[in-house]
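I opened this notebook to keep track of what I look up, one topic at a time. The sequence and the model come first, and my entries follow.

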Amino acid sequence: MAGAARRRDGHIAQERMLEEAMAVIAEHGLAALTMSALAERLDTSGGHILYYFGSKDRLLLEALRWSETELTGERRALLGRPTTAERKLDQFLELYLPRGPRDPRWMLWIELWARTPANEDLRQAQEAMDRAWQEDLEALLAKGVTRRRFAPMDIPAHASELLALLDGLSTRVVLGQRGSDRRQALTVARSAARRLIPAGPAQ
């Protein structure tokens with residue numbers, strides 16, 4: 001029983017660390033997230049942070065996974081809603097795009113993309129998270145085709161193209177490039193989705 005209690009306490013401690021890591025990124029940017037800064041914010045030692053994560057790469061990856069887990073729940077809820085495939089696709093676009101130039105999840109994605117070539121574990125983890133988005137989008141499109149809201153298509157290819165475009169738009173938003181705020185990115189994404197995902201006869 002004592003061992004179980006320690007495991008529960010450890011899980012809570014880790015969750016708290018990840019929550020604070022995301023808060024640091026949102027408030028001060030990714031460069032401000034260091035082991036020492038996070039330890040100071042949590043009133044603990046850098047060694048305690050290191051015990052849970054081992055390296056900054058691992059801390060960044062686990063923070064991203066933590067954020068993606070929450071979004072996975074939102075995606076699954078979206079897929080189960082009693083609404084049209086077109087509306088679900090629009091909500092999917094809104095969920096995927098960053099909230100703004102300081103979106104911590106997207107700042108993490110961009111940072112970890114840059115670190116991936118030198119880290120095979122990181123590459124595999126990112127591929128798994130990407131695959132989850134791809135599979136859910138494919139499921140959304142397949143149901144739309146079945147219900148004749150979308151025309152027949154190569155679903156994996158169209159889903160992959162749309163996600164690649166969303167990645168590009170998201171990067172521009174996070175980097176704060178001129179003319180690339182969330183509202184404009186969403187407008188472009190909706191236009192691209194209409195071209196990539198043809199309407200079916202039921203519309």
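This is a predicted model: local features need pLDDT of at least 70, side-chain atom pairs count only at pLDDT 80 or more; totals for chains, interfaces and linings use all residues.

Residues are numbered from 1 along each chain as its sequence is written, and side-chain values use heavy atoms, with hydrogens and water left out.

Entry: Arg76 and Asp136.
I looked up Asp136 and found it buried, with a relative accessible area of 7%. Arg76 is partly exposed at 43%. The two form a salt bridge, with their closest N and O atoms 2.9 Å apart; the term stands for a side-chain nitrogen of Lys or Arg within 4 Å of a carboxyl oxygen of Asp or Glu. Arg76 lies in helix 4 and Asp136 in helix 7 (residues 120-146), so the pair ties together parts that are 60 residues apart in sequence. Helices here are DSSP runs (H or I, at least four residues), numbered from the N terminus.

Entry: helix 4 against helix 7.
I then checked how these helices pack, and the angle is about 10°, with the axes 11 Å apart. Axes are lines fitted to C-alpha atoms over the stretch in contact, and angles run from 0 to 180 degrees between N-to-C directions. Helix 4 is therefore roughly parallel to helix 7, as angles under 35 degrees count as roughly parallel, over 145 as roughly antiparallel, 65 to 115 as roughly perpendicular and the rest as oblique. Among the residues in the contact are Leu61, Glu68 and Arg76 of helix 4, and Ala125, Trp133 and Asp136 of helix 7. Contact means heavy atoms within 4.5 Å. By class I list eleven nonpolar, no polar and seven charged residues. Ala, Val, Leu, Ile, Met, Phe, Trp, Tyr, Cys and Pro count as nonpolar, Asp, Glu, Lys and Arg as charged, and the others, Gly among them, as polar.

Entry: Arg105.
Is Arg105 buried or exposed? Arg105 is buried, with a relative accessible area of 5%, and is found in helix 6 (residues 104-115). Leaving aside neighbours within four places in sequence, its contacts include Met22, Leu71, Tyr96 and Trp133. Glu68 forms a salt bridge with Arg105, and the closest N and O atoms are 2.8 Å apart. This pair links distant parts of the chain, with Glu68 in helix 4 and Arg105 in helix 6, 37 residues apart. Glu68 is buried too, at 4% relative accessibility.

Entry: Arg65 and Glu62.
I found another salt bridge between Arg65 and Glu62, with closest N and O atoms 2.7 Å apart. Arg65 is partly exposed at 32%, and Glu62 is buried at 18%. A search of the whole structure finds 13 salt bridges.

Entry: helix 5 against helix 9.
Last, helix 5 (residues 85-96) and helix 9 (residues 182-196) pack at about 140°, with axes 10 Å apart. That makes helix 5 oblique to helix 9. The contact includes Leu89 and Asp90 of helix 5, and Leu186 and Arg190 of helix 9. I count its residues as five nonpolar, no polar and four charged.

Definitions and conventions: Helices (H or I, at least four residues) and strands (E, at least two) are DSSP runs, numbered from the N terminus. Buried means under 20% relative accessible area, exposed over 50%, partly exposed in between (1.4 Å probe, protein chains only).
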